[in-house]
Amino acid sequence: MTELQKIQRAKMYVDKLVNGINPLTGFRLSDDETVRDDRVIACFEYISEVLEINIRNWDSENAVKGLEEQLVFMTEEQKLQLRISYGPCTVTNMVNEINRVLEQNGSKKINGIWINDWLESIGMLTKNGFGNRIASPNGREIGIISELKNGSNYGEYYVNMFSVGAQGFIYENLDRIIDYHYNG
């Protein structure tokens with residue numbers, strides 16, 4: 001991991017703490033935990049600002065050197081810019097939206113396999129007898145719809161469509177998806 005990547009990762013963890021999220025699990029911290037004290041939060045906000053300055057001022061030569069190996073990085077502010085498609089959409093549509101926002105910080109882009117792998121790992125997608133990933137009962141419960149299609153070149157295949165609720169679920173768990181991709 002490059003020095004810039006370490007700084008970006010540290011900022012991501014600090015930003016999560018500022019927003020009351022455990023950076024390791026992605027779950028909300030309880031209000032009685034020490035890290036939720038106003039003085040500690042103010043300190044984390046200051047650290048986040050210092051890290052942001054370091055990221056902005058990073059020597060462009062060093063940044064370009066590690067660009068191909070750079071981890072995906074999205075700030076909490078950027079996550080708020082993600083737009084939900086009002087109507088079912090494909091994983092490709094969501095990936096395009098995520099990558100649109102990622103372009104702002106020069107981060108590596110993600111692809112649909114990251115999302116599908118994570119969804120399968122948590123039991124939202126499952127493989128049918130033909131190796132297609134389709135919605136499990138839990139996946140259907142959050143709004144993943146597996147539609148059987150018939151293509152002239154490929155025969156029958158499934159397309160997973162994501163409802164507004166399922167899109168929100170993906171965006172809310174983006175950090176967990178990224179962590180799963182890198183750490184399994």
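A cavity here is a set of points, on a 1 Å grid over the protein atoms alone, where a 1.4 Å probe fits but cannot get out, whereas a pocket is an open set with protein on both sides within 12 Å along at least five of seven lines; lining residues have an atom within 4 Å of a point. Grid points are joined across faces, edges and corners, and a volume is the space filled by probe spheres set on the points. The model is predicted: local features need pLDDT of at least 70 and side-chain atom pairs count only at pLDDT 80 or more, while totals for chains, interfaces and linings use all residues. Residues are numbered from 1 along each chain as its sequence is written, and side-chain values use heavy atoms, with hydrogens and water left out.

**Overall layout**

- The secondary structure of the protein comes to nine helices and four strands, where helices (H or I, at least four residues) and strands (E, at least two) are DSSP runs numbered from the N terminus.
- Along the sequence the pattern is α-α-α-α-α-α-β-β-α-β-β-α-α.
- The C-alpha atoms of the protein fill a box of roughly 55 × 45 × 30 Å, taken along the principal axes.

**Cavities**

- The count comes to two cavities of 30 Å³ or more.
- The largest cavity has a volume of about 40 Å³.
- Its lining consists of Gln-5, Gln-8, Arg-9, Met-12, Leu-71, Val-72 and Phe-73.
- By class, the lining of the largest cavity has four nonpolar, two polar and one charged residues (Ala, Val, Leu, Ile, Met, Phe, Trp, Tyr, Cys and Pro count as nonpolar, Asp, Glu, Lys and Arg as charged, and the others, Gly among them, as polar).

**Largest pocket**

- About 480 Å³ of space lies in the largest pocket.
- The largest pocket is lined by 19 residues, and Glu-76, Lys-79, Tyr-171, Glu-172 and Asn-173 are those nearest its centre.
- At least two lining residues of the largest pocket come from each of α4 (76-79), α8 (164-172) and α9.
- Seven nonpolar, four polar and eight charged residues make up the lining of the largest pocket.

**Helix α1 with α9**

- Helix α1 (residues 3-18) and helix α9 (residues 174-183) pack at an angle of about 145°, with their axes 13 Å apart; axes are lines fitted to C-alpha atoms, for helices over the stretch in contact, and angles run from 0 to 180 degrees between N-to-C directions.
- Arg-9, Met-12 and Lys-16 of α1 make the contact with Asp-175, Asp-179 and Tyr-182 of α9, contact meaning heavy atoms within 4.5 Å.
- This contact of α1 with α9 has two nonpolar, no polar and four charged residues.

**Helix α5 with α6**

- The axes of helix α5 (residues 91-102) and helix α6 (residues 112-121) come within 9 Å and cross at roughly 120°.
- That angle makes α5 oblique to α6 (under 35 degrees counts as roughly parallel, over 145 as roughly antiparallel, 65 to 115 as roughly perpendicular and the rest as oblique).
- The contact is made by Val-91, Val-95 and Ile-98 of α5 and by Gly-112, Ile-115 and Asn-116 of α6.
- By class, the contact of α5 with α6 has four nonpolar, two polar and no charged residues.

**Helix α6 with α9**

- The axes of α6 and α9 come within 9 Å and cross at roughly 90°, which makes α6 roughly perpendicular to α9.
- From α6, Trp-114, Ile-115, Asp-117, Trp-118 and Ser-121 meet Arg-176, Ile-177, Ile-178, Tyr-180, His-181 and Tyr-182 in α9.
- The contact of α6 with α9 has seven nonpolar, two polar and two charged residues.
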